[in-house]
Each structure stands twice: as structure tokens, then as C-alpha cells.
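Please read this report with the sequence and the structure open beside it.

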Amino acid sequence: MTRPQHFGWFLARGFGPHGWGHPYLRWNHRWTEPGLYQDSARTLEQAGFDLLIIEDAPSLGSAETIDLRVRHAFGGPKHDPLLLAPYLFAATRHLGVVPTVNPAAYLPYTAARQFATLQHLSGHRLGLNVVTDTGSARHFSTAPQLGHDAAYDRAEEWVDGLRSLWRSWGDGALVEDEETGVYADGNLLTATSHRGEYFGFDGPLNAVPFTDGEPAIVSPGGSGRGLAFAGRNSDVQLALAPLDEQSIRAYRRRIHAAAEAAGRAPSDVKILFAIQPVLVSSPEEADRLVAASAHPDDAALLTIACKQSSDLETDLTGLDLDRPLDRAIFGEHVSEGSIRRLVGKHEPDAPLRAILASHARLGRLTDGSGFVGTASEFADRIEELGEWGNDGVLLWGDLHPVTVHRLLDDLVPILRRRGILREEYVDGGLGANLRAF
Ligand SMILES: Cc1cc2nc3c(=O)[nH]c(=O)nc-3n(C[C@H](O)[C@H](O)[C@H](O)COP(=O)(O)O)c2cc1C
């Protein structure tokens, strides 16, 4: 029995020159202007997607490694996704739009007020992808950089603060009675006064209360502390995990336990697994593509090295491909998790060539070795995830209409035929659509 799932799109390299280097840039889209994103947002809405999440990193990284980030536009420049959101809301009626925000960058009162404004302007379709990257904090304050868990503590205090401000208008405070001329009852507003570890502010908020719920909180952190944050705070958790039954079920159990520990119901947190499929028109083409990637040449390895150098802020491009990777090359700023993702299952003495090659190789959807396949093979995979209780998937890519159509044109009709993808939205904005099933 198939069940509907939620679909999200992750604009994975943010509001920047995404897709740089691809021939399809010759469609004359301009990444700095809204038209490109509006076209794609309309397509996602027609396809029944719940939400579009826009990645962000406010920083270009440390001074020594900026070039690694910008040379091929893997890690910047990036414009502010919060300011793109209104243009996307104006172009759509149902799609949720979720800019990435870092609590280091916004004082709670400013954040609560701006997000309340956007929640009203959008018909209650705003979400916030709350991230805790600590490296960029120096752009906003000269206070010492927080550690990993402390950044989550600050994020939790920040979300609590936003919610207390959003709730500072009590039931019945907004009167709007034309006959008596009363607009609001000031006695029903709470003058919140918060003096916390990281923030201090007073309320009440100078914005009217919501009719269809608060902005959805989305979170992507995968550490124990990240999962606890999601269980306590999030409406949507973005997950990276191997897509086998055991991993999916184990991940879901951890989030559900965290939700229950925080007094919430497991179904309050929708978990979307991030996937970047490569869809082709036939199984033969898929096999050909996979075979062609089996022995990457040095140029292909260099492309992977550039991308990894940007993400890890560590220059791998000049290293000898045939020598083992010396981990001392990574500075303090590179997390153990990031290094583990780079190295994978390789032994410590594996040559860099082998490590990079494993990132260049593609695998087939049908045998679980990768994500190359046809639309119907991919639909099979999503259907299977649903049988394991999965709430939804997050497709991952840039937002060029070429990419969006390449992925969705064949896939959407198949998913709809199978009852996996919604045919229509319910009223009430993003929260209502997330709760619809
Ligand atoms: C699907 C996905 C999307 C993410 N998006 C962002 C992002 O837009 N900006 C960011 O700074 N970090 C992003 N992250 C990283 C997380 O916010 C977090 O910093 C990282 O996972 C480390 O936290 P953890 O130790 O709890 O996993 C993303 C992670 C995942 C899995």
C-alpha cells in the first residue's frame, strides 16, 4: 500500500552562481536576479512540493582559504536567502520557502519581527533552516567563537526567544472591532523579559499574532546534539544517511526518541532524507554512465579535489595523488565528521587517488550502489522508503529550470500515479501541508 510522502528541494549551494561551469548557463539566467528562482519555484509548486530550502553560509571562510571557495564558486559568493524569499512567495501560492538562518547573525527581537512579517506576507509559508555553523560568527561579533554544543545551546535559546515573542500576544489580544473602534487589547500582551546566557531582550513583539501557526523550524544537524535539537524544536529534520532499511529506521528512531524526550509526538517532526539522483532515460544509459565513471582520469579527480577543498577549506589540489592523505593537513576548523565523509571506508594508508576516485564514481539505483537510474527506478526507491515509514525526501541540486525539469518531468507523473506525491495542497500554509499526512 503506497502512502503519500513530502517532497522538498534543497538549493544546495545557496543563493549564488550555482551551476557555475555547466553549459546550461547559456540560457541567460542571472543568478543575482529573482526570475530564475521564481520560474523554478513555480515548477516545484506545480509538482506538489512542500518546500524549497535555500542553503546558506554567510561567510567566505578564513582569509587564507577564500580562493578555494570562490575560484570555482563552490563556496561563494552567496547572497542573503532571506531577502530572496519574498520574491518566491510573490511567484507562488502554496510552496513553503525556507531560507537558512544562523542564530549568530540575528538578534532574537529583530528575527522574530522580520520572520513574523514574512510569515504574514506569505500566507504562513515561511520556514527557517536553523544552522549552527560557528566559523562565521566572527562576522557578527568579536565574542569568542562558541564550541559545537554551545552553538546548539545558543540556537535553542534563540528559538525559544522567538517563540516567546511570537506568543507575546495572548488569545483575544487582537480585537479588530470596528463598532467599538478597539483594535487591540494591550492588557493581553505579555511584556516578556528575557535575560539568558546568550541573549537579553524585552517584549512584547510589535507584530500581530499568526492565524495559521508559526514559521516552521527546519534543522539539518546530524550529531547527537543536533538530533536532540530537532526532537525538541523542529517541524522538519533534514537527514543524510545511507538509504538502507536499517539506517533509515535507526535514524527515525533516534529523532522520535528525542521528540518524545521533549514531550512531543514523533509525528510532529517530519524527516526528509536528502538524495541527489541522476536520472536518465533508460537502464542501458544508466549502466553506460556508471561504467564510464569507474576509472576517473586525473582531470575528474582534480574537479573532486577542488570541490572538497572548498567545502573543507583545506587545499587538496596540490597534493600527490599517489601518496596517503596526511590528516595533519586539516586545521582545527575542519570537523571530524567532514573528514570521515571525505575518507569513507578507506584505510589510513590509502592513496589520495583512491579516496577522490570513490567520490567520482557513480552507482546504480537498482543495486543500491548509487543514484543513477530512470525515473521509474527512482520512484521504486522512494516507494520502498515509504514502506519503511519514511516521511519524505529532499532532492538536492541547483535551481536552474534545466535541472529542475530534468529531474521532475518524468518523475512527477509516476509518483502521482502511485499516490506518493500530493495532487493538491490544503489551505493554511506550510505547517498545514506538513501536517496533512
Ligand atoms: C541536508 C543538509 C543541509 C545543510 N544545510 C546547511 C546550510 O545551509 N548551512 C550550514 O551552515 N550548514 C548546513 N548543514 C550543516 C549543519 O547545519 C550542521 O552545521 C552540520 O551538520 C554539523 O552539525 P552536526 O554536528 O549536528 O551534524 C546542512 C546539513 C545537511 C545534512
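Predicted model: local features only at pLDDT ≥ 70, side-chain atom pairs only at ≥ 80, totals over all residues.

Ser219 stands opposite Gln237, a residue of strand β10, and the two strands concerned, β9 (residues 216–219) and β10, run parallel and are joined by two bridges. Here two strands count as paired if DSSP finds at least two bridges between them, while strands (E, at least two residues) and helices (H or I, at least four residues) are DSSP runs numbered from the N terminus.

Residues are numbered from 1 along each chain as its sequence is written, and side-chain values use heavy atoms, with hydrogens and water left out.

Which way do the residues of strand β10 (residues 236–239) point? Val236 and Leu238 point one way and Gln237 and Ala239 the other way, and all are buried, a word that means under 20% relative accessible area, with exposed meaning over 50% and partly exposed in between (1.4 Å probe, protein chains only). Strand β10 is also joined by four bridges to strand β11 (residues 270–275), and these two run parallel, with Leu238 standing opposite Leu272 in β11. The chain crosses from β10 to β11 through helix α7 (residues 245–261), and this β-α-β crossover is right-handed.

Strand β11 in turn pairs with β14 in the parallel sense over four bridges, and strand β1 (residues 6–11) pairs with β14 in the parallel sense over six bridges. Val393 in β14 has Phe273 opposite it and also stands opposite Phe7. Because five of the six residues of strand β14 (residues 392–397) are buried, this strand is largely enclosed by the rest of the structure.

We turn now to the ligand. Among the 17 residues around the ligand, Asp56, His148, Tyr152, Gly222 and Ser223 come nearest, where near means that a heavy atom of the residue lies within 4 Å. By class, this shell has seven nonpolar, seven polar and three charged residues; Ala, Val, Leu, Ile, Met, Phe, Trp, Tyr, Cys and Pro count as nonpolar, Asp, Glu, Lys and Arg as charged, and the others, Gly among them, as polar.

| Residue | Atom of the residue | Distance |
|---|---|---|
| Tyr152 | side-chain N or O | 2.6 Å |
| Gly222 | backbone N or O | 2.7 Å |
| Thr100 | polar side-chain atom | 3.3 Å |

The protein covers 77% of the 610 Å² of accessible area that the ligand has on its own.

Two loop positions remain. Glu55 is found in the loop between β2 (51–54) and α2 (66–70), where it counts as buried because its relative accessible area is 16%, and its side chain reaches the backbone nitrogen of Gly14 at 3.2 Å. Ala143 lies in the loop between β4 (127–130) and α5 (148–166), and it counts as partly exposed because its relative accessibility is 48%.

Note on methods
Polar contact = N/O pair within 3.5 Å; in protein donor to acceptor, adjacent residues only side chain to side chain. Areas by Shrake-Rupley, 256 points an atom, 1.4 Å probe, with all protein chains shown as cover. Right-handed = clockwise from strand over helix to strand, strands pointing away.
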